[in-house]
Amino acid sequence: MTAIAASGPRAQGVRWDLSRLVADAGTARSLLGDSRLAAEAFQERYHGRIASFGAADLGAALAELAAIENAVSRVGSYAGLWRSVDVNDDEARDLEATVEQEYVAIANALRFFELEWIALDDAAAGALLEAPEVERDRHHLATMRRYRPHKLTAPEERIWAERSPAATAAWQNLFEQTVANVKVAFDGGDGARDHTVDELLAYVHAGDRALRIGALDTLYAALEPLTPVLAHCYDSLVADRLVDDRLRSYDGPMAQRNLGNELETPVVEAMMAAIEARHDIAHRWYRHKAGLLGLGRLHLADQYAPLGEGRSFPYAESREIVRAAFARFSGEVEAVSEAFFTERRVDAEPRQGKRGGAFCASVAQDADSFILLNHTDRLRDVMTMAHELGHGMHFTYAARRQTALSFHAGIAIAEVPSTFAELITFDYLMDRETDADTRAALVRQELESSFATVFRQTMMARYESDAYAARGAGRTLTPDRLAAFWLDRNDRQYGDAVELPDGYRFGWSYIPHFISTRFYTYAYAFAHLASLVLYAVWREEGASFVPRYLAFLELGGAASPQDQLGAFGIDLADEATWHRGLDEMERLLELAL
Ligand SMILES: [Zn+2]
């Protein structure tokens with residue numbers, strides 16, 4: 001282990017060095033100016049010409065676009081990363097504002113390219129797609145055209161776009177403001193003070209049961225009077241989206257999202273059906289957890305009740321665990337991971353003015369990715385470190401093979417390498433950790449997070465389907481109807497293993513995904529379960545799995561999820577595939593019981 005940054009408790013002193021990306025704010029600004037000029041020159045040169053492009057022209061244009069994309073991403077990431085560790089820094093804020101402004105100008109200058117490319121007829125586009133000059137961006141070019149059969153005429157598209165601030169954004173804003181303005185008095189143990197929705201929800205992790213239940217009751221009571229407005233926002237958006245589907249000839253309310261995720265409808269259906277056939281895995285855990293808490297039956301508020309989190313993990317030890325876990329998987333992966341630390345591409349120290357949480361920023365295809373952590377020496381932090389390094393691994397490998405336009409995977413694949421990295425770390429820790437409480441905490445942590453991702457996200461997609469079906473049949477989405485759909489889907493998920501409080505009939509009302517992006521959630525269930533499937537394949541095949549996994553990481557966004565995972569001999573449309581992942585969840589459950 002290379003000791004680069006000295007680290008005391010809570011990752012003291014572990015800060016990243018952003019000068020690897022851009023020397024300073026002045027350099028960032030001039031790079032941005034150059035990119036704007038390059039984008040305008042691109043527009044000047046190619047606007048109106050795509051229809052007459054040969055393969056060599058297209059190849060050259062793509063290379064220019066990639067160079068612009070790389071430069072802009074590098075500067076944008078620099079500003080964003082800087083701001084994330086110093087949210088109050090004026091210079092960082094100014095730079096970020098400039099970046100946003102320039103982004104818009106650059107995107108406007110480049111927009112014609114996609115429009116002209118999509119406007120090409122299939123024969124002309126097909127011939128260009130076959131050409132070796134565009135080989136590396138073939139999938140990117142092909143997927144840009146996936147919405148083509150659903151495009152309206154140019155004047156229709158313009159009218160549709162111009163009405164969207166009133167028809168769409170207005171309802172979304174009203175929803176956001178209504179939820180954001182919830183401020184309700186609650187006594188969390190230190191006197192009554194105003195709480196937001198998120199603050200009340202956070203009490204589900206509290207040790208005190210009365211506090212947990214009280215916080216949820218307070219939340220639902222505060223939401224109830226708002227539900228007519230919240231339901232009306234949703235009803236208006238759903239009605240509008242159904243019109244959009246009809247005008248664009250989409251086959252059902254999920255079709256647009258599935259196309260966006262590059263997933264065939266039978267694949268999504270096979271996954272959801274498999275998940276719904278295994279709710280008993282969660283029920284068994286809920287019954288067991290009720291016993292551990294000394295309860296006859298688990299209440300909804302007890303779902304994430306703490307049961308102890310084991311020993312603490314100083315930063316240096318977390319690093320060593322993740323390094324060793326990755327090394328056991330592959331020496332190459334270990335080396336890539338170590339470079340994040342030795343090159344000071346990790347900021348792990350929690351401090352004033354730094355944002356919370358964790359993320360891995362891909363930065364750009366011709367730059368290295370960076371990781372933000374807030375390491376507080378807990379077991380959870382070890383897994384978060386592994387998770388973000390998993391993303392970092394994906395970005396590193398994909399950047400080696402793909403262009404700037406092709407290296408980002410869609411959301412169905414993006415969370416696979418991160419979850420997989422957690423799983424190999426889990427595996428390692430389970431082999432090495434001797435403290436019984438810590439082992440138990442680790443298993444519970446993995447199990448409960450997989451339930452939240454796999455079962456809950458799928459349940460939410462089904463709830464949405466019910467709502468769209470009702471609205472499509474001419475029934476207005478009133479609070480009572482939405483409550484009925486919500487409770488029906490939740491009853492199936494929780495069975496009789498969990499007591500749902502009365503107020504839970506308003507549980508649908510504050511969830512932002514339904515409002516911002518329909519059927520957004522199931523891709524997370526997909527990615528989580530797909531990584532459990534890969535984990536099962538790895539445990540079966542051992543070392544021969546590793547080169548195939550590294551080849552998968554190198555694909556980035558250059559193939560569909562089906563093709564990427566198909567390379568492992570997995571058929572996504574077969575329910576049995578998904579049951580392999582669910583079997584892994586069941587194995588975790590057995591360890592937890
Ligand atoms: Zn992630």
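A: One definition to start: two strands pair if DSSP finds at least two bridges between them. Helices (H or I, at least four residues) and strands (E, at least two) are DSSP runs, numbered from the N terminus. Residues are numbered from 1 along each chain as its sequence is written. This is a predicted model, so local features need pLDDT of at least 70, side-chain atom pairs count only at pLDDT 80 or more, and totals for chains, interfaces and linings use all residues.

Q: OK. What is the bridge partner of V184 in strand 2?
A: H195 is the bridge partner of V184. Strand 1 (residues 184-187) and strand 2 (residues 192-195) pair in the antiparallel sense over 4 bridges.

Q: Which residue in that hairpin takes a positive phi?
A: G189, with phi near 115 degrees; the hairpin has 4 residues between its strands.

Q: Switching to helix 13. Which of its residues are buried?
A: I281, A282, W285, Y286 and K289. Buried is 20 or more other C-beta atoms within 10 Å of the residue's own, exposed is 12 or fewer, and partly exposed is in between, with C-beta atoms placed from the backbone.

Q: Where do they fall, seen down the axis?
A: Within an arc of 130 degrees, so the buried residues line one face of helix 13. The arc is that of the directions from the helix axis to the C-beta atoms. The face turned away from the buried side carries the exposed residues D280 and G291.

Q: What do the buried ones pack against?
A: Strand 3 (298-299), helix 18 (436-472), strand 7 (498-499) and helix 24 (575-592). Contact here is C-beta atoms, placed from the backbone, within 7 Å.

Q: And what follows helix 13?
A: G294, whose phi is positive, near 75 degrees.

Q: How about helix 22, which residues are buried there?
A: In helix 22 (residues 545-555), Y549, F552, L553 and L555 are buried. They fall within an arc of 150 degrees seen down the axis, so they line one face of the helix. Among the elements covering them are helix 16 (379-401), helix 17 (411-432) and helix 23 (561-566).

How values were computed:
Two residues are in contact if their C-beta atoms, placed from the backbone, lie within 7 Å.
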